[in-house]
Amino acid sequence: MKAMIFAAGRGERMRPLTDTCPKPLLKVRGRPLIVCHIVNLVRAGITEIVINHAHLGPLIEDTLGDGSKFGAQIVYSAEGSALETAGGIAKARHLLGDAPFVAVAGDIYCPHFDFSQVKDVLEEEDLWGNPYPPETRDLGWLYLVKNPAHHPEGDFALENFSIANEGTPRFTFSGIGVYRPELFDSVAAGSSAKLAPILREHANRHRIGGEVYRGDWTDVGTVERLEQLNAPLHHGR
């Protein structure tokens with residue numbers, strides 16, 4: 001399995017930090033956010049990684065190189081301007097291949113996520129080894145988290161491991177998902193496209209699965225959240 005890490009966003013809410021540093025290179029306790037993902041992917045045996053970039057992209061390439069210092073093989077998908085999540089995937093499809101891949105937002109912090117669990121969530125066969133018909137297979141698998149304070153309404157409901165647009169309780173999409181490449185057939189390479197409308201369309205067709213991740217997770221979307229992650233640890237905290 002290959003992985004894609006999204007690193008093309010401008011990070012407007014993180015300015016002025018992101019004026020000179022791409023958001024995925026901002027550090028939590030001395031380690032860039034994106035490096036945390038790379039290390040966890042490699043630990044799970046996922047070593048072929050595609051990283052897209054736009055804003056300050058050369059800094060990302062200079063910092064990470066070809067990935068060999070992490071035990072990875074990193075290739076880059078450069079975007080002149082950020083193409084949004086689905087657009088970034090469509091542009092990088094020739095690098096990702098034809099098999100399901102895991103995709104990770106470069107600006108989240110989830111230090112203990114075990115990527116070994118993503119390898120078989122999009123099953124091809126039933127318990128007896130019979131292939132699922134292509135038209136019934138899940139096209140994606142999302143990891144959801146408890147709604148953070150800044151997003152109390154959540155994104156999706158979950159019904160027997162199937163993502164639903166309506167229902168309760170609701171959860172927030174973590175930014176980690178596993179996708180079949182054909183989920184993005186409608187997006188032309190080089191065009192800008194958001195991920196959420198595609199997920200919602202196929203959720204209505206019961207083609208997106210998912211589960212709740214209950215480990216440490218933070219959307220590092222503001223300077224304040226970054227400062228909280230880097231705050232000194234106190235005894236008993």
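**Strand pairing, cores and charged contacts in a predicted model**

In strand E11, Arg170 is the bridge partner of Ala157. The model is a predicted one, in which local features require pLDDT of at least 70 and side-chain atom pairs count only at pLDDT 80 or more, while totals for chains, interfaces and linings use all residues. Residues are numbered from 1 along each chain as its sequence is written, and side-chain values use heavy atoms, with hydrogens and water left out. Helices (H or I, at least four residues) and strands (E, at least two) are DSSP runs numbered from the N terminus; two strands pair if DSSP finds at least two bridges between them.

E9 and E11 pair in the antiparallel sense over two bridges. E9 also pairs with E10, again in the antiparallel sense, over three bridges. The bridge partner of Glu159 in E10 is Ser162. The hairpin of E9 and E10 has two residues between the strands, and Asn160 takes a positive phi near 50° there.

Helix H6 spans residues 196–203, of which Ile198, Leu199, His202 and Ala203 are buried (under 20% relative accessible area, with exposed meaning over 50% and partly exposed in between; 1.4 Å probe, protein chains only). Viewed down the axis of H6, the buried residues fall within an arc of 130°, so they line one face of the helix; the arc is that of the directions from the helix axis to the C-beta atoms. These buried residues pack against helix H4 (84–91) and against strands E8 (140–145), E9 (156–159), E10 (162–164), E11 (170–179) and E12 (208–212).

A nonpolar core is defined as a set of buried Ala, Val, Leu, Ile, Met, Phe, Trp, Tyr and Cys residues joined through side-chain atoms within 4.5 Å. The largest such core has 45 residues, and Ile51, Val102 and Phe115 touch the most other members. Helix H2 (residues 33–43) gives the most to this core, with seven residues. With neighbours within four places in sequence left aside, the contacts of Ile51 (heavy atoms within 4.5 Å) include Ile5, Ala7, Ile34, Ile38, Ile60 and Leu64. A second, separate core of 28 residues includes Ile89, Leu142, Phe156 and Leu183.

Eleven salt bridges are found in a search of the whole structure, each being a side-chain nitrogen of Lys or Arg within 4 Å of a carboxyl oxygen of Asp or Glu. Glu48 forms one with Lys2, with the closest N and O atoms 3.9 Å apart. Glu48 lies in strand E4 (residues 48–53) and Lys2 in strand E1 (residues 2–7), so the pair ties together parts that are 46 residues apart in sequence. Glu48 is partly exposed at 36% relative accessibility, and Lys2 is partly exposed at 24%. A salt bridge also joins the side chains of Asp107 and Lys23 (2.8 Å, N to O); both residues are buried. The side chains of Asp219 and Arg225 meet at 3.7 Å, N to O, and Arg225 is buried with a relative accessible area of 14%. Salt bridges that share partners join Arg10, Glu12, Arg15 and Asp19 into one network.

The count of disulfides (cysteine sulfur atoms within 2.5 Å) is zero. For Cys21, the nearest cysteine sulfur is that of Cys36, 15 Å away; Cys21 is buried at 19% relative accessibility. For Cys36, the nearest is that of Cys110, 6.6 Å away, and Cys36 is buried with a relative accessible area of 8%.
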